[in-house]
Amino acid sequence: MQPKKNLDLVNVLFLVGSPFVAVSGVYLLFHLNGPAWQSWILFAVMMVVTGLSVTGGYHRLFSHRSFKANPFVRLFFLLFGAAAFENSALKWSADHRLHHRYVDTDQDPYNIKKGFFWAHMGWIFYRTEKNLSVVTDLSSDPLVRFQDHYYLPLSIAFGFLLPTAIAALWGDALGGLILAGWVRIVLNHHFTFFINSLAHTLGSQPYSDRNSSRDSFICALVSYGEGYHNFHHSFQSDYRNGVRFWQFDPTKWVITFLSWIGLVWDLRVTPRAKLMKARFEMQEKRFLSKLSQSKWEMPKWKLVEERVQKFRSELEEAYLKFEKARSDYHAFKKKGSYHLKLEEIKSEYRASKEEFKLALLQWKRALSQELVLVV
Ligand SMILES: [Zn+2]
Ligand SMILES: [Zn+2]
């Protein structure tokens, strides 16, 4: 039997009340003289800084340990993460690790199977026990413990007092409090909440359909790149969410930049061949399930299945060969080794690229049924 859940009145009041405070505050501001232009800039800066402290700090650094960071970076993420009013990093990470471990089940704190609203914010309305057994590694970090202990005063100081004090410098303390305080908190709340609701509802599943997570550009746009959630659930320790170069993932860009200047290091990256294998397998699964609905008789169907699997394994093999040739070539080039050998490796690399292109073409034809149906 499920334990009886108790409403957390403070959370309910804050989550339901904060949008009203924000809207009335903005109305009041415009009713007076309107906010100063500097306050709009402060609002934007606070949005990005607190948003990235949650996505880069709470999520990718603390919950997933997908890179290591200098104490100043950790402290920055903890202070401005607190300003997002989404709980301490310790509690946030505990909930999040449970979400990954038990996704789509009753033990998942924001289980999407209980409905969009529940996953979005309903779950926060109820009191839950702090399950620290899943975050023992984080409890040993004195900075994380400090933020957990002083969470409320830190949130108020960095979430409200700081923007108010900064905006007071140009004589618009109220503008700072409303825009960079209340409005920013409400927006960042719902942008984060969308990852648990929208990113488990809307979008594609290129890597896996074993859980409800989805990749969605729209979701990535409002969540500093966290919307590629299907990738993230498949490879959760990767520091990237938008793994392809054209995908919108500002959190990844910031982490990469911080690594260039030595403030973070040991960025965890999933081998490319593993990503491609997951994509090909998913394409195969989807294709076969679509084809199975056409009610083929068994002997023919077995043949089709075997043929698709053969094309996929050829494609995977060609990709592995291409990947190896590419990394050999780049490693050799970096060493500045002698010319003749380099030329040889370069031509091997080119040949493997062509082979992979051919295998990919064959795969696309197979998926469009041209090859597999000739039985
Ligand atoms: Zn998720
Ligand atoms: Zn995660």
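This is a predicted model: local features need pLDDT of at least 70, side-chain atom pairs count only at pLDDT 80 or more; totals for chains, interfaces and linings use all residues.

Biologist: At roughly what angle do the axes of helix H8 (residues 151–168) and helix H9 (residues 173–196) cross?

Modeller: The axes of H8 and H9 cross at roughly 145° and come within 7 Å of each other. The crossing of H8 past H9 is right-handed. On the H8 side, the contact is made by Gly159, Phe160, Pro163, Thr164, Ile166, Ala167 and Ala168. H9 answers with Ala173, Gly175, Gly176, Leu177, Ala180, Gly181 and Ile185. Sorted by class, this contact has nine nonpolar and five polar residues, with no charged ones.

The largest one has 39 residues, and Phe43 and Ala89 have the most contacts inside it. H8 and H9 each give two or more residues to this core, as do H2, helix H3 (71–82) and helix H4 (89–101). H2 supplies the largest share, eight residues. Phe43 itself touches Leu179, Ala180, Val183 and Arg184, leaving aside residues up to four places away in sequence. There is also a second, separate core of 18 residues, with Ile112, Phe193, Leu198 and Tyr228 among them.

Finally, let's follow H2 to another partner. The axes of H2 (residues 37–63) and helix H12 (residues 250–260) come within 10 Å and cross at roughly 75°, which means that H2 is roughly perpendicular to H12. Leu52, Thr55, Gly56 and Arg60 of H2 meet Thr251, Val254 and Ile255 of H12 in this contact. Its residues divide into three nonpolar, three polar and one charged.

Note on methods: Residues are numbered from 1 along each chain as its sequence is written. Chains are lettered from A and ligands numbered from 1 in the order in which they are written. Axes are lines fitted to C-alpha atoms, for helices over the stretch in contact, and angles run from 0 to 180 degrees between N-to-C directions. Helices (H or I, at least four residues) and strands (E, at least two) are DSSP runs, numbered from the N terminus. Angles under 35 degrees count as roughly parallel, over 145 as roughly antiparallel, 65 to 115 as roughly perpendicular and the rest as oblique. Two residues are in contact if their C-beta atoms, placed from the backbone, lie within 7 Å. Ala, Val, Leu, Ile, Met, Phe, Trp, Tyr, Cys and Pro count as nonpolar, Asp, Glu, Lys and Arg as charged, and the others, Gly among them, as polar. A crossing is left-handed if the near helix is turned anticlockwise from the far one by less than a right angle, and right-handed if clockwise. A nonpolar core is a set of buried Ala, Val, Leu, Ile, Met, Phe, Trp, Tyr and Cys residues joined through C-beta atoms within 7 Å. A residue is buried if 20 or more other C-beta atoms lie within 10 Å of its own, exposed if 12 or fewer, and partly exposed in between; C-beta atoms are placed from the backbone.
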